[in-house]
Amino acid sequence: MTTVRGAIVAALKSFLRGKKMLVQAILAALWLTPSDEGRQKQPQLDPTATPPASSDGKRGAGRKKQQKAKQPTTTATTTIEAFLKEAESLLLGPVNSTDALRRLASDLKEQFRERMLKNPECMLPSYNSQLPSGFECGQYLSLDVGGSTLRVALVELKGRRKRAEKGLLVVEGEDLAEDRDKVSSRIVRIRSFYISPEIKAFEGLAFFDWMAKRIFETIQEDLPYDHSPDNPILMGLAWSFPLQQISLKSGLLQPMGKGFLAASGLINQDLGDLISFACRKLGLSVELRAIINDSSAALLSQAYLAPAATRFGLILGTGFNIAVHMPCSYIGRDKFGERPAEWFEDGSHVVVNTEMGMFGHGVLPLTRWDETLNSKHPKPGFQPLEHLVSGMYLGEVARYAILDSITTTGLLRGVVPEGLEKEYGFETGTMSVIESDDSPNLEASTTHFNITHPSSHPATTADIQAIRSLCNFISRRSAAMVAAAVYGLWDLRREAEATMPTPTLSSDSTAAEDYNTVPATVMDPVSQLPSPPSSSPVLSTIAPGSKSSSCCRAVVAYNGAVMERYPSYLQTCQSFLDALTMAEEDCSDMTLPSSKSGSGSGDSGIDLVEAKESSLLGAAVALASA
């Protein structure tokens, strides 16, 4: 009996062992050769997970095994060609003709007009009512305080030489045009100081004491004259932080953000007084005479060199903004706050800080990638236009498009490279590298991408070609929308100027100063009076939108990394502006020019002109023009 029972138990164990081995074999086969259906159901491996340790405890071996096991987790539902065609339609379709771009510009223009009247967050009139004449001379101390750098410079404005002759304004020199080119400025001395996290943590007066020491170090060898409390060194400031400005030279300090603690205990204290007090501790007498923001600085710095044409300043780097010199009559009186009556008597125009990034609600054509970016932003809907055009966000829009392509087309063999899974993990700088690559087979950008975003499945030339196309669509759309915003604002300004009363030209020597400018063209100084600028009321009585009014040229002074360094961006934006301002009746039937065309030549009404060192020079010009 015992023998029979033992035999039965032994047989049962043998059967179970065989069944277990069979089950293991089946599971192994399914893992090693999964079906398409099985691949779709498997969760994607986390590319940020810590690599498992190998049997000898070394994580490198574990990481190598993990990379080998990291496989595509989805089946492609479309081809990369079809995806790129859809992306081009979504991103460029709404701006791919002059007619479409003009409609967008018109929609933006209506928002500009409305918010000029009553919105308290944008279209903010500054205290700069006068543009420079180009005759300002002298040496001035300029400060530029940004998020990571303090720059201190002694700036010399050379101006134009002038003399009175037979009641007319005349520039000295045989060649009037050549002499006009000598209108310039120079930086006598400049130093830049990195604002480290430790310095940002300075609270209250400690930060301004640090600033004062840097100012003293910079100018002690080049002081323009003896200074004293009765004869202080005049100073202009470009300030990149919130400020409640109450006059051209005064502003109440507000929380600064960006990690700065300098406002602690000093909220609503006058910024100029704080800087002057810190400087006096070192025996340095200074007086803050002008405070401006970056876009106003760009406008003023170029207006000093080309006063007849410059009425706009554009910043396009990490952020996006435009300043414009507008008639006061087009701005709601409540937006000026409490200003003395004589302020309005002294100037008919004012430099307006548009806060351009805040526009576009309800009129911008958004893609699913834009909507994803907006939904994940700390302030959804706060700056819709900035999300589509600025350096802060171009890379993020591209990242969402790339992730979409990885999922639906198998781009990068369906594997998300390191860094792309993180918000803002794909930088606009990488886009720039990829678009600027002219190496054979895109070797340079492929290498850069694989170093920046390593993966178990490195990017191929075909992958980078697809990513390059996406980057190009996104950057071209940005350039088109910047052009639409500039054109809409330019058109609104023409409309506003057309409502201004037409002055009568006098024959005395101040004729040019009546327009805060000097002649923009070479003229016979004896037989003719200087002409008013093209943007003056005299030349702005043409009905807005007519052919002739489209030919009035204007200069938009620009600054910022995207405009200055992104490959072909400047040329592309200028070509869009050229198309928008063409006078031909059939221009709405034309497709927009390629990114290689356009240089601001021909009959374009708007020219983009670089404003070099605009923060420092603009601060000096604002001071000299005050």
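The legends below describe close-up views of a predicted model. Residues are numbered from 1 along each chain as its sequence is written. In this predicted model, local features need pLDDT of at least 70, side-chain atom pairs count only at pLDDT 80 or more, totals for chains, interfaces and linings use all residues, and side-chain values use heavy atoms, with hydrogens and water left out.

**View 1. An open sheet of five strands.** The strands, which like the helices are DSSP runs numbered from the N terminus (strands E, at least two residues; helices H or I, at least four), follow the order β6-β3-β2-β7-β10 with mixed pairing, where two strands pair if DSSP finds at least two bridges between them. At the edges lie β6 (185-194) and β10 (286-292), each of which pairs on one side only. From one strand to the next the twist averages 25 degrees, with axes taken as lines fitted to C-alpha atoms, for helices over the stretch in contact, and angles running from 0 to 180 degrees between N-to-C directions.

**View 2. Strand β7 and its two partners.** Strand β7 (residues 233-239) runs parallel to β10 and is joined to it by six bridges, and Leu-234 has Glu-287 of β10 as its bridge partner. Strand β2 (residues 138-145) also pairs with β7 in the parallel sense, over five bridges. Leu-237 of β7 stands opposite Leu-143 and has Ile-291 as its bridge partner in β10.

View 3. Seven of the seven residues of β7 are buried, so the strand is largely enclosed by the rest of the structure; buried means under 20% relative accessible area, with exposed over 50% and partly exposed in between (1.4 Å probe, protein chains only). Ile-233, Met-235, Leu-237 and Trp-239 are buried on one side, and Leu-234, Gly-236 and Ala-238 on the other. Helix α9 (residues 271-280) lies across β7 and β10, running at about 145 degrees to β10.

**View 4. Phe-426 in the largest nonpolar core.** This core, a set of buried Ala, Val, Leu, Ile, Met, Phe, Trp, Tyr and Cys residues joined through side-chain atoms within 4.5 Å, has 114 residues, and those with the most contacts inside it are Leu-314, Phe-320 and Phe-426. Helix α17 (residues 461-498) gives the most to this core, with 20 residues. Not counting residues up to four places away in sequence, Phe-426 touches residues including Leu-420, Met-431, Phe-449, His-453 and Cys-471, where contact means heavy atoms within 4.5 Å.
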